[in-house]
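Please have the sequence and the coordinates open side by side while reading.

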Amino acid sequence: MISKRIAAGLAGATALSLVLAACGDNGGGSSSSSGTTVSSLSVLDYYNNDPDKSLVQKGLDSCASQLGITIKRETVPGDTLIQKVLQQASSKTLPDVLMLDNPDVQQIAATGALAPLNDMGLNGDGVIKGMVDATSYDGKLYGLAPVTNTIALFYNKDMLAEAGVQPPKTWDELKAAAKKLTKPGRYGMAFNANATYEGSWQFLPAMWTNGGDETDLTSPQVAEALQLWVDLVKSGSASKSVINWTQGDVNDQFIAGKAAMMVNGPWQIPSLNKNPKVKWDVVQFPVNKVGQTPVAPLGGEAWTVPLNKDQAKQQKAADFVKCLNSDENELAWAKARFTLPTKTALLDQYVTEVPSMKAFGEQVVNARARTGKLGDKWPEAAKVIYQAIQLALTGKASAQDAFKQASGG
Amino acid sequence: MTDSTIRRAVYTVIGVLILAVMLFPVYWMVNASLQPSGNTLTAGFLPLHPTFAGYKRALSEQGDNLVTSMIIAAGTVVLSLAIATPCAYALSQFRSRWVSVGLLAILISQMIPGIVIANALYTAYERIGLLNSIPGLIVANCSSGIPFAILILRSFMLSLPPSLVEAARVDGAGLFRAFVAIVLPISKNSLITAGLFSFLFSWSDFLFALTLTTKGGVRPVTLGIYQYLGTQVQNWNAVMATAVLSAIPAIVLLVAAQKYIAAGAIGGAVK
Amino acid sequence: MAHATLTPTSEVKAPGPARRSRRHRGESLTKVLFVLPAALAMLALFGYPVVKNLLMSLQDYGLRTFFTGQAPWVGLQNYTAVVKDKLFSDAMVNTALFTIGSIVFQFAIGLGLALFFHRRFPLSGVLRSLLLLPWLLPLIVSSATWRSILEQDSGILNRTLMGLHLVDDPVPWLNSPSVALIAVIGVNIWIGIPFNVTLLYSGLAEIPDELYEAGQLDGATGWRSFWYITWPNLRAVASVLLMLGVVYTIKVLDIILGLTGGGPANATQTLATQSYEKSFIDFKFGQGAALSNILIAISFLFAIFYLRSTRRAIDE
């Protein structure tokens, strides 16, 4: 609730918005026959700051007019959403349509608060597997996300050119490049390793790419990934402050020219573009050994339908979610604010239209959901991960022991 | 001129220096708020190219929140004083062994973490519909205002001679009328002090604002700053400008009411 | 809670001869009305939360509770769970260090400043009231500002220290487990100094000048006058101040969350931050409630200890 770093993470990982026109005429929301008497739906989301807030509003309005209803929308700050949902759940006042960050969907679905969408004519066909994993619980689909995001490696083109360094493809190259790019007042590399879920999220590309798995955090693959973070900080190629930085702070460092490379997501692109002096590009996260595939976590929010005694209303809400996830809508949302459509069929078209998203487009195909394996137990693993990172980066434990220590072993 | 004049001047200089060190973070806040946008990462000691863009933005985006905070703080003052003043009078003038029990209860109340209060109030508010409302926040903020006001007012009222009220009583005035007509006017300074602190406590409240509002409608400025911190790391000057704006009431009240913050009024409160 | 019973007895004990019982009864009622609003307010704002928190600490109150409304009774399980937690002993130690460290320095510096401002000089009043500012700024503002000041690479503090060649390498204020607690304590001292100065100053102001004049005749000046006159007369204020200091410091939450969030590597976790984390990060509200009850209990024991020792001092 209070931790603003979580807030920053959520708000950062959100970044999606809408374009009115695109959610237009043939928006794909085939209105169901039942809900003719439903005239309005309540919606809750966490896009509480402009420009997202008003852009999302336009998109919602567009789907509303297609369905011939009005919407009553409420927005709350990112890190208070779950709290709000809990409060509304206990007073039985959940909205008709609820937006949830994708790793939260299973946890909320597990409490029995959400309606399965399969029964109401929705499915996850064509959607990248990671996102379907994230929004399914016990074999049923509980939410659909129109757009997604992930994280990759940003680099400052001028700095790399000046140092004669190619964008790194392996961890060794990454370490060497980071070292070479480091000079007084500037670090070669920046990432976020703070003690929140955000810190775990930034660690996942290294962990998953190397074959590490959240079901066995004491494996050598996970330890090797942690060693990468440790090496970068120990060698002075990354600031010791990474243990307190949010992704927003990391971006600040990059923009201020105090970091030559950073791990971050596409939602930072608008603010990067506001600083035309910074010439940047993105590549996939490097691999440990040649032949590995970069695997990064999936971000983005899913729209869900809380259980409702009023069947007609519930169906209407499901139709609304369906409209939000139409092809046209996905592309429009993705373009407006540098996120990626969740349907694989749309990705190629999108990346040709928005070339700066190319690396993210590649990265997202193999991306995994955080809750894909552990489901609603993921938060516990995530906590062990960020605590282990903190132990290792502060020298309180070696990379090998950190996970054992963090999990209380 | 004389030795002592020089010495006193030296003291003033030392005093200013001490204050400069103590208030450096406040200065830094002002400095950061005047830096051109971007971030504080490269900020120097002085805002060499001051810009008021941060303030412009803060005022347009947080102006309403400042007003909300003002209303809540003022309401807290009125309600806290209305409840605390008679009680303080009772605890100072009525003879009873329960007085010490009452004081102990106030002491215990200070031990309870705010978050415990906030959690309980949330469920209660939900039932009676006080969530997201200004009255709800006023009542919650009274949890810091009332005990503090009782202590301050009581310490002053202890010094009131009982004969003062007795005289009025002889003329036939009821206890309450005597209290209103005699005790209140005479306690003006300590009422102002108690009110001032209630105002400032309420003004700087963050926890209740965060937990007891769930919609955008009622949003005190501390919550506004918090949301800035979460989402606007790019605009440190606006964040800091809001912070400076939110500190202004504290500064103005302190300077304006300086003579009322009689040291004794606070000092005696805890005896 | 105790407060609520305040009223009936003040009726019995109220002064006044029994023969004026008619008027007396009306008056007793008035007297009750004087305390009633405050008693009710205290009950609602403090009594109710404490009871609710006690109950919650005996229940399995988690995420699911909000949806199903079910919170089964689990006895003392939450307490054993939090005490067995690997972080509990660290949190206890940190709480103790944080509380003691904050109070010792707040008090020492506060006393020094109070003595200084006690000498009358131009502007002393204005300066003294401005000194209150750190205490009155919204904590969220203070901690955000301090975070930027203490930033390791580009924070103004390290830049200044290095510029003055006082340190060779930037100090990892908030980044090293061994330094972070000190930094957090430092910020808390900064916030607490004004309160200490104000109370100690008022204590000083109440010491009659004649005592010093008499002392001067006996040759008590400078340190001796402080030791034999000032300190003994200040002891009452000082002990209240220390007791309140413990009560307020032990539950500090916002500053730590704002500066370090309990990190790095849990180096600044205290009972208060742990309680917060259990409730609002892990959604184990029962355990969070258990931890805050432990916190209240410690605070309460300390207050009892204080009250007994002051009573003994009075008896002597």
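Across which strands of chain A does helix α10 lie? In this predicted model, helix α10, which spans residues 247–255 of chain A, lies across β8, β9 and β10 of that chain, and the helix runs at about 155° to β10(A), the strand of residues 259–264.

The strands under discussion belong to an open sheet of four, arranged in the order β9-β10-β8-β11 in chain A, with mixed pairing. Its edges are formed by β9 (187–190) and β11 (280–283) of chain A, each of which pairs on one side only, and from one strand to the next the twist averages 20°. Strands in a sheet are held in pairs by backbone hydrogen bonds, in either a parallel or an antiparallel arrangement.

Strand β8 of chain A, residues 152–156, is joined to β11(A) by four bridges, and the two run antiparallel. Along this pairing, Leu153(A) stands opposite Val283(A) of β11(A), while Asn156(A) stands opposite Trp280(A) of that strand. Four bridges also join β8(A) to β10(A), again with the strands running antiparallel, and here Tyr155(A) has Met261(A) of β10(A) as its bridge partner. Is β8(A) mostly covered or mostly open? The strand is mostly covered, since five of its five residues are buried.

Chain A holds another open sheet, in which five strands follow the order β2-β1-β3-β12-β6 and the pairing is mixed. The edge positions are taken by β2 (70–75) and β6 (143–144) of chain A, each pairing on one side only. Within this sheet, β3 (residues 97–101) and β12 (residues 301–304) of chain A run antiparallel and are joined by four bridges; one residue of this pairing is Met99(A), whose bridge partner in β12(A) is Trp303(A).

Two packed helices are described by the angle and the distance between their axes. The axes of α8 (residues 197–209) and α16 (residues 378–393) of chain A come within 8 Å and cross at roughly 85°, which means that α8(A) is roughly perpendicular to α16(A). On the side of α8(A), the contact is made by Tyr197(A), Gly199(A), Ser200(A) and Phe203(A), and on the side of α16(A) by Ala382(A), Ile385(A), Tyr386(A) and Ile389(A). Sorted by class, this contact between α8(A) and α16(A) comprises six nonpolar residues, two polar residues and no charged ones.

Why does Ala225(A) count as buried? Ala225(A) is buried because 26 other C-beta atoms lie within 10 Å, where 20 or more are required. The C-alpha atoms of Ala225(A) and Ala206(A) are separated by 5.3 Å, although the two residues are 19 residues apart along the chain.

Chain B is built from 13 helices and has zero strands. Of its 271 residues, 54% count as buried, and among contacts between residues at least 6 apart in sequence, 77% join residues at least 24 apart. An unreviewed UniProt entry lists several spans of chain B as "transmembrane region", including residues 9–30 and 174–201. In the model, residues 9–30 of chain B are 95% helix and 0% strand, with end C-alpha atoms 28 Å apart, and residues 174–201 of chain B are 93% helix and 0% strand, with end C-alpha atoms 34 Å apart.

Chain B in turn meets chain C, in a contact that takes 72 residues from chain B and 78 residues from chain C. The side of chain B that touches chain C consists of 52 nonpolar, 16 polar and four charged residues. For chain C, the annotation "domain: ABC transmembrane type-1", from an unreviewed UniProt entry, covers residues 92–306; this span is 75% helix and 0% strand, and its end C-alpha atoms lie 21 Å apart.

Methods: Residues are numbered from 1 along each chain as its sequence is written. Chains are lettered from A and ligands numbered from 1 in the order in which they are written. This is a predicted model: local features need pLDDT of at least 70, side-chain atom pairs count only at pLDDT 80 or more; totals for chains, interfaces and linings use all residues. UniProt positions are given in the numbering used here, feature names are shortened, and annotations may be inferred rather than shown by experiment. Two residues are in contact if their C-beta atoms, placed from the backbone, lie within 7 Å. Ala, Val, Leu, Ile, Met, Phe, Trp, Tyr, Cys and Pro count as nonpolar, Asp, Glu, Lys and Arg as charged, and the others, Gly among them, as polar. Two strands pair if DSSP finds at least two bridges between them. Axes are lines fitted to C-alpha atoms, for helices over the stretch in contact, and angles run from 0 to 180 degrees between N-to-C directions. A residue is buried if 20 or more other C-beta atoms lie within 10 Å of its own, exposed if 12 or fewer, and partly exposed in between; C-beta atoms are placed from the backbone. Angles under 35 degrees count as roughly parallel, over 145 as roughly antiparallel, 65 to 115 as roughly perpendicular and the rest as oblique.
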